[in-house]
Each structure stands twice: as C-alpha cells, then as structure tokens.
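Here is a short briefing on one protein model. Look over the sequence and the fold, then work through the points below.

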Amino acid sequence: ALCDRLTNTAYPARNPGQNLADLQAQVAANNRGTQELHRMVEQFGLPTVKAYMQHVQNNAEQAVRRVIDQLYEQHEDRPLTCEVPMDCGATVKVTITLTSPVLAPSQSTAKIDFTGTSAQQPNNFNAPLAVCKAAVLYVFRTLVDAPIPLNAGCLKPLEIVVPKECLLNPVYPAAVVAGNVETSQAVTDALYGALGVLAASQGTMNNFTFGNNQYQYYETICGGSGAGPTFHGTDAVQTHMTNSRLTDPEILEMRFPVLLESFSIRPDSGGAGHYQGGNGVIRKIRFQSAMTVSLLSGRRHAVPFGLKGGCSGAAGHTQVSRKNGEVEILGATARVEMQPNDVITISTPGGGGYGERV
C-alpha cells in the first residue's frame, strides 16, 4: 500500500521497494546500536558509562584547544579570512579569530564567522546549518594529530557564527539538496584556506546519476586534493566531505546497461607549486540503453585555488559525444537524455598547489 502511494503521484518515486528496504536497514542498524548501548550499561553500570563518555569529550576538547594554540603561534592574533566563489554565483566567506590566553592556554578558542557569505539562493545550493557545523567539526578534527574519536567535544572551543537567511543558514522554503554534497566542499576549502594549511581540493563531489523506469544509479567521482606546506596533493581521491567510494567496474557493467570505456588520472590538472596539487580523473561511460542523466557538480568555472604562491587546479569539464558525432558541453548542473552508444566524459578538477615553484 505504501509503495502504491509513492508511485501514484505526479512525481512518482522510482523503485520504492528498494528505497524502503534501505530505510528499514538503517532502522535495524539504529536498533542494534541501542541494544549494544544497553548491554554496555548492564555490564559496567550507568555512572561508569556516562563518566567515560564525558572523558572522551573532554579529551577531544583539549586536543582541539592545543591545535588552536599552535595556529595562534603561527598567525598571532590576526583574523584569518578566505572567500570561495561557487559556480552557482554564491560566495562562502569565513573569518577565523584565534584566542590563546597566555596564562590559560587550556582555554584557547576560535571564532568561526561566516558573515559576508551570500544570502540564501533561489537554487538548491543552500546548506542547512547542521551541514556548516559538520564541515567546521571535520576540519578541526583533521588538524588534531591524535587518534581521538570524532565527537561533540571537538566543538566546545569553537564559536560558530552563521547569519540567518544566508547560504549556510537558510530558512524555509529554501531548497537544500546540493548543500550537503556541494556547498559543504566550498565551506571546507574556505576553512583550510583561511588557516593557510591546505590549498583547495577539487571542491565538488561530481554527483552523477542516470536511470530510467528499470534502472537507477548514483555515484560521486573523485578528483585531486590540495597541496599543503609539506606535502603534495593526491591524485584521484575522494576529498573531504564525500565519505563515499565508486562501484567496481565489473559490478557496474553487470548491473547496468553501460560500458565503462575508461577511468584514468587527468594529467596536469593539479596546480603547480613547490608542492603540486593532486590530479583529477577522466571517467568515460558509454550507454547501451536510453537513460536520463543528471549532473550536480561545481568547479567548472571557479577553479580550485592555490596557496602561498601555488597555482590553481584545473576546472572540471563534462561533455556528451553523440553517436552521430555531435558533441555537447554540459554545465556544472545539467540534465540530458542519453541514447544507445552516446558517451559522457566527466573530467574532474585538480587540487591547488602550495608555495611558489622553485
């Protein structure tokens, strides 16, 4: 009955049975987590469990404060600012102010202020406030050189300021589907750039979907990571907020009527510098059945920036080669109908370089 309700609408869901099974699996995983938590309380007692949960958060808090101390020594008390333009026309701006009391270094704090970021957009690149906070948490956790578990204690030394009705704190009825997958990447790059620790990475997830009434598929495509003060960027890697991997070629071709014609590193797409930005990739797929393709991406115009004299990485590029020889260039966001023997080629951005080339 529920499947009927999802399909008998103006915009019916594709394959609701599979989608509902995915949701049931998530509910089952949460239920198992609840069971294990109860088991732990039964074994050790609630006071002990609560105490150790607090220990974990306190340790994370002090680890982040030590990071702030180190950053403060590098930058003193100068506000650190970075602006990252996006292909959708919006800009993410952040100013980071570090405070490290001489007599109380254990009380070091950082104010992360997104004032100056573009107002919420009429498109779907708005990011809910939770996405912005998750990006801040991610960045400062990566700066901790210790094997601590990710937890809310990392946020205690951080004051996050996000004006209401801006791109990163929109209000209803703003559309937000691209906020998690695309705008989060711009936020991450802005934070690393302001702190001066990492040039821009590819800055997009290259969200690529195709399907028809029988098949549905969604993947994100890797690119180059940014270089840093002591290291080169990495070629062909999922960067920052993606947390995903590609389907194996054999599985892709077995389950869907497509051929993966090539998947290779995109040469010279990483920004030059004393440390080289990572290269993006070139992914070419030939369709054997008619499909609708959608692309949700970025960094097709606004290139990944370099730092400290390093050069920018190459912008991404997507094109469709029709079986009759015609070539169609797609924008950062696009929807296109593919026919048998049409080929789509997605070239992903490279990362920015760091430092002037010697």
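Tyr-138 is partly exposed, because its relative accessible area is 23% (buried means under 20%, exposed over 50% and partly exposed in between, with a 1.4 Å probe and protein chains only). The model is predicted, so local features need pLDDT of at least 70 and side-chain atom pairs count only at pLDDT 80 or more, while totals for chains, interfaces and linings use all residues. Residues are numbered from 1 along each chain as its sequence is written, and side-chain values use heavy atoms, leaving out hydrogens and water.

**Aromatic rings**

- The structure holds 7 aromatic pairs (rings of Phe, Tyr and Trp, the last by its six-membered ring, pair if their centres lie within 6.5 Å).
- The rings of Tyr-138 and Tyr-192 have centres 6.5 Å apart and planes at 85°, so this pair is edge-to-face (planes over 60 degrees apart are edge-to-face, under 30 stacked and the rest tilted).
- This pair links distant parts of the chain: Tyr-138 lies in helix H4 (residues 129-142) and Tyr-192 in helix H5, 54 residues apart.
- Helices (H or I, at least four residues) and strands (E, at least two) are DSSP runs, numbered from the N terminus.
- Tyr-192 counts as buried, because its relative accessibility is 5%.
- One aromatic cluster is formed by Phe-208, Phe-210, Tyr-215, Tyr-217, Phe-256 and Phe-287.
- The charged end of Arg-283 sits over the ring of Phe-263, 4.6 Å from its centre (NZ of Lys or CZ of Arg must be within 6 Å of the ring centre and within 35 degrees of the ring normal).

**The sheet**

- Four strands make an open sheet: 4 strands in the order E6-E5-E9-E12, with antiparallel pairing (two strands pair if DSSP finds at least two bridges between them).
- Strand E6 (216-219) and strand E12 (333-338) are the edge strands, and each pairs on one side only.
- Strand E5 (residues 207-211) and strand E9 (residues 291-296) run antiparallel and are joined by 5 bridges.
- Gly-211 stands opposite Thr-292 in E9.
- Helix H5 (residues 177-195) packs on the sheet and touches E5, E6 and E9 (contact means heavy atoms within 4.5 Å).

**Asn-279**

- Asn-279 lies in the loop between strand E7 (258-265) and strand E8 (281-287).
- Asn-279 counts as buried, because its relative accessibility is 14%.
- Leaving aside neighbours within four places in sequence, Asn-279 is in contact with several residues, including Gly-223, Thr-234, Arg-266 and Gly-350.

How values were computed: Axes fitted to C-alpha atoms, helices over the stretch in contact; angles between N-to-C directions.
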